[in-house]
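Student: Please take a close look at one part of this model, its aromatic ring pairs, and describe them in one connected account.

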Amino acid sequence: MLSTMQDVPLLISRILRHGMTIHGKSQVTTWTGEAEPHRRSFAEIGARAGRLAHALRDELGVRQDDRVATLMWNNSEHVEAYFAIPSMGAVLHTLNLRLPAEQLVFIVNHAADRVVLVNGTLLPLLAPLLPHLPTVEHVVVSGIGDRSALDGLDVSVHEYEELLEGRSADYDWPELDERQAAAMCYTSGTTGDPKGVVYSHRSVYLHSMQVNMTESMGLTDKDTSLVVVPQFHVNAWGLPHATFMTGINMLMPDRFLQPAPLAEMIERERPTHAAAVPTIWQGLLAEVAANPRDLSSMRQVTIGGAACPPSLMEAYDKLGVRLCHAWGMTETSPLGTMAHPPSGLSAEEEWPYRITQGRFPAGVEGRLVGPGGDVLPWDGTSAGELEVRGSWIAGAYYGGVSGEPIRPEDKFSSDGWLKTGDVGVISPDGFLTLTDRAKDVIKSGGEWISSVELENALMAHPEVAEAAVVAVPDDKWGERPLATVVLKEGATADYAALREFLAGSVAKWQLPERWASVPAVPKTSVGKFDKKVIRRQYADGELDVTTLG
Ligand code: ADP
């Protein structure tokens, strides 16, 4: 028997209409580096999204399913694109501006993007690629930046503001199928070519509702969220959509992502929330230690994308800023788990929960699978690969313009779950602790060593700014850990002292023999430790390695 309920499709245009009317006064504030930031209300953004959709359809000929790419910082124009493109039935394709040129070229060609919206400040990046992007017919430029890089290129160039001028703000958003493609994002391709995840209107809608639940970010229109996580990194973790549902104000850093301007933004604009990967918070910590700033407005920070070192959480606790750990992937939209401890606990009792990756929200199911394919119990000790399923979890990758979706066996189980490649345990009360990525685990003499555990323990040393641990080949044990460390200025600790310090928290047989000091840990395009690069540097003899007896 079918229900008697209305079947109203879950569309991004509905989120837009809601945000621009019910929360019309909420604001997107974009940092400009000038005395005053730029401010635009949700009502204005909605009107401009309507104008943009008219321009894309009437002037540029964008039709349903056409891919429209953005190569932009976090700013209000990017939010306009976020709503206009999917709402008109086209597909928003956010491009990661930190990817190497050949990967960007691969991604744009694979998606067959017809239009690229670009910030003027990023033209030096885009222009040299354009001759290799045959599907791109139009480039739309917004904001400051020298346009001359585009001179002589075989593409039609438009000014964003001129395109919008004089057009109607009312667009008759089509009633689409909620399962239709709304946006796409490629994984950063740590192994092989990048793979495209295509989000539906339905998945974005449901994910946004989850982001807004109290057990997730739980913000309201009294809040301002500093969205440091780039809009090209899994839709800025769903924040632009979630904010239009509940009226949360957004503070957008544009290209000012360095610790000093971020600290200034927080002091001046007083956001109550922020979202970013751990390396950003490490950088900010060093900045405010050197140049104290008032961070007291921040109630909660969502931290994820890589394991958050407990020492970082402690350091921010001392500043009165609570970091809340979250886990997710491009394939999971990204919200997969979030670490809110159960209620009624003291600060001390909460701690073991806070340093886990957290619990699955109602829309996400998780299971651990052992090496033999058996599903493991949630007993806090059985370690296996995490698999997840749910309404905002990918079931396949984009197969290209004429290809079928692809489901590689190492990423999707035969019964439809996503294999995350992350290894961990789940406690009886449902808290997930990840010990490593499967490919980063150190397999030493038949035993597994968690690289993350060693890193976290090392980063708790007061003189260590950053530490990354990778597996390196070893004649006797197969693999052993190599510890690379970034020491703080003026540090006096030597490797033996660091090893001694580690011995306080990990088993003796796990202690690294090989040590190297580096000026900075190499980072991926989204600011995570790039262990692939460290392994390569070691293999090529580029690191100055000391071996302790
Ligand atoms: P990439 O795979 O290129 O890094 P993603 O952003 O999709 O791109 O990364 C997802 C991965 O990041 C996860 O599979 C996991 O390994 C890691 N990750 C994300 N959040 C956390 C977290 N809180 N703790 C540990 N690892 C995390």
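Tutor: Rings of Phe, Tyr and Trp (for Trp, the six-membered ring) are paired if their centres lie within 6.5 Å, and a pair counts as stacked with planes under 30 degrees apart, as edge-to-face over 60, and as tilted otherwise. The model is predicted, so local features need pLDDT of at least 70 and side-chain atom pairs count only at pLDDT 80 or more, while totals for chains, interfaces and linings use all residues. Residues are numbered from 1 along each chain as its sequence is written, and side-chain values use heavy atoms, leaving out hydrogens and water.

By this rule there are 8 aromatic pairs. In one of them, the ring centres of Phe 83 and Phe 244 are 4.4 Å apart and the planes meet at 40°, so the pair is tilted. This pair links distant parts of the chain, 161 residues apart, with Phe 83 in helix α3 (residues 76-87) and Phe 244 in helix α9 (residues 239-246); helices (H or I, at least four residues) and strands (E, at least two) are DSSP runs numbered from the N terminus. Both Phe 83 and Phe 244 are buried, that is, under 20% relative accessible area (1.4 Å probe, protein chains only).

Tyr 495 and Trp 515 have ring centres 5.8 Å apart and planes at 25°, so this pair is stacked. Here too distant parts of the chain are linked, since Tyr 495 belongs to helix α15 (residues 495-502) and Trp 515 to strand β24 (residues 514-517), 20 residues apart. Tyr 495 and Trp 515 are both buried. Returning to the phenylalanines, Phe 42 forms one aromatic cluster with Phe 83 and Phe 244.

How values were computed. Buried < 20%, exposed > 50% of the residue type's maximum accessible area, 1.4 Å probe, protein only.
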